[in-house]
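This report describes a single protein chain. Please look at the sequence and the model before reading on.

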Amino acid sequence: MDNHQKRNLTFFTMGLIFMLSGIEYAVILPTIWKYLQILEAPPYFLGLGLSAFSLTGLLTGPLFGFWSDRTKTTKSIILFSNVFEISGNFMYFIGYSKWLLLCSRLVAGVGAGAGSSIFGFLTRSTRPEERAGVFAAIMACRQAGLLVGPAFNLFLRLCDFKLGPFVVNKYTSPGIFMCLLWVLLQFVVLAMYWDVPHIISEEGAVMMEMKQEEGDEEEVPLISSDEEPVHTYSAVNSNQLETSTSSEMQQVCGASEISSPFKNFSASREFLREEVVVLLTAQFITLFNQTALETMVTPLTQRYFSFGELGNSLMYSLCGVEVILGFFFVRWLSTKVADRAVLAVGLVICSTACIWCLIFLCNPQGGYGWELTAFIIGVFLQLLGLPFVAVSQVSLFSKVTAEKTQGFSQGVRRSVGGLATILGPLWAGGLTNNLYIMLGMMLALLLMITVMTALSYDRLTEPRTVQCA
């Protein structure tokens, strides 16, 4: 099996990992509140349970990223992190008390931290021009998991039997179901995941050309005339020269591999640059607004449209389809235009969506039909902008930060996003009856990052010099 086939199978396995994370969210979220009520947990435990997963994920992301940067491998990290997913979901299945349930989400969240290593691997094993498309496909896999997850709940809710000393019902079954899926994934990773060689960076390619030009200059003839054939003299033949050039290039590009990737590394110098601050801010605001809207939508549909479980499930399914199509559209668009242009378009769409919601949803008027239409348009615009911003800022972040420390940098980025997913629901949860304040703050954040992007637009591009992979 050649490296190209190994690379494709590895990317496929990564897609499965992200799909499983989406399925896990989709099968646990609908029943966790009732599960906590059975365990006599107070209402605030719902927020704790949902935030616990993100909390440990944001703490462990940089650690897993640091590990992958030091070792230049990710397979062992994924196998290790999946053990926490397996353990956490089994603890969720046991569920003897509310504290064990809370701990189960904390443990499972550790496994989510490996995502930073995966994004670091993708950065080092893709060319800059194809990176946004690969990121879009991987992100779409998680959305696919969110879409198909509710389908699994159709049969999980029918479970009512005993497995040894454990009760399997519609509340505990998501835990054992996800536990089995993560165990199966371990075998898939063992069989279909390889730490394939990294793509040689442009700097290495330029260095290769310079070496070859120097070699050509050495082959200038010592004596030449118009009448006599030109003879060239060199210390080595062309094959030997190519071998020598390749060896020298590998030595130069491999220098960073031999020494620690964190030698002379400065977090302040890396993350406090203008373009990096803009992209981290975009990451935070995007996920803060997304999770705030997710928290707001269900109470809103119940209050204004009397949606039940069926109506909400249908709505989430249609939303999932839109987001997946959006990711694949951005995957195509990224081959035509620059990442910063995609980011700018996404921010404009998201701002437009927020303005629409402020005008038509905070104080709805005009009857049921118009209110429902206004709500659908607002949600559609919000979800339309999400793939534009999500893919472009991840791709740009991978290009403006050092390649040799991508795992750690992606861990920092995902930690910023994890903090947003914790604060977003907390912000929206207390303001579902005061939409002007909630949506007004979201719009203010969007306008702020839009202005920041406009002012830093010239810096939001890949540096001319690229470090060796």
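The model is predicted: local features need pLDDT of at least 70, side-chain atom pairs count only at pLDDT 80 or more, and totals for chains, interfaces and linings use all residues. Residues are numbered from 1 along each chain as its sequence is written, and side-chain values use heavy atoms, with hydrogens and water left out.

**Overall fold**

The chain has 17 helices and 2 strands; these are DSSP runs numbered from the N terminus, helices being H or I with at least four residues and strands E with at least two. Of its 469 residues, 48% count as buried, where buried means under 20% relative accessible area, exposed over 50%, and partly exposed in between (1.4 Å probe, protein chains only). The accessible surface of the chain comes to about 22,400 Å², and carbon and sulfur atoms hold 65% of that area. Areas come from the Shrake-Rupley method with a 1.4 Å probe, and for residues only the protein chains shown count as cover. Among contacts with a separation of 6 or more, 84% join residues 24 or more positions apart; contact means heavy atoms within 4.5 Å.

**Salt bridges**

The whole structure contains 9 salt bridges, each defined as a side-chain nitrogen of Lys or Arg within 4 Å of a carboxyl oxygen of Asp or Glu. The table gives three of them.

| Pair | Closest N to O distance |
|---|---|
| Glu129 and Arg127 | 3.3 Å |
| Asp339 and Lys399 | 2.7 Å |

Asp339 lies in helix 14 (residues 339–360) and Lys399 in helix 15 (residues 368–400), so this pair ties together parts 60 residues apart in sequence. Asp339 is buried at 8% relative accessible area, and Lys399 is buried at 15%.

Arg124 belongs to helix 5 (residues 115–124) and Asp69 to helix 2 (residues 44–71), 55 residues apart. Arg124 is buried at 2%, as is Asp69 at 0%.

Arg127 is partly exposed at 40%. A network of salt bridges links Arg127 with Arg7, Glu129 and Glu130.

**Buried glycine and surface patch**

Gly149, in helix 6 (residues 128–156), is buried with a relative accessible area of 0%. Beyond residues up to four places away in sequence, Gly149 touches Ile23, Ala26 and Val27. Its C-alpha atom is 7.8 Å from that of Tyr25, 124 residues away along the chain.

Phe187, in helix 7 (residues 173–192), is exposed at 55%. Together with Val183, Leu184 and Leu190, Phe187 makes a nonpolar surface patch of about 390 Å². Patch residues have over 30% relative accessible area and no salt bridge; like charges are joined within 9 Å, and nonpolar side chains (Val, Leu, Ile, Met, Phe, Trp, Tyr) within 5 Å.
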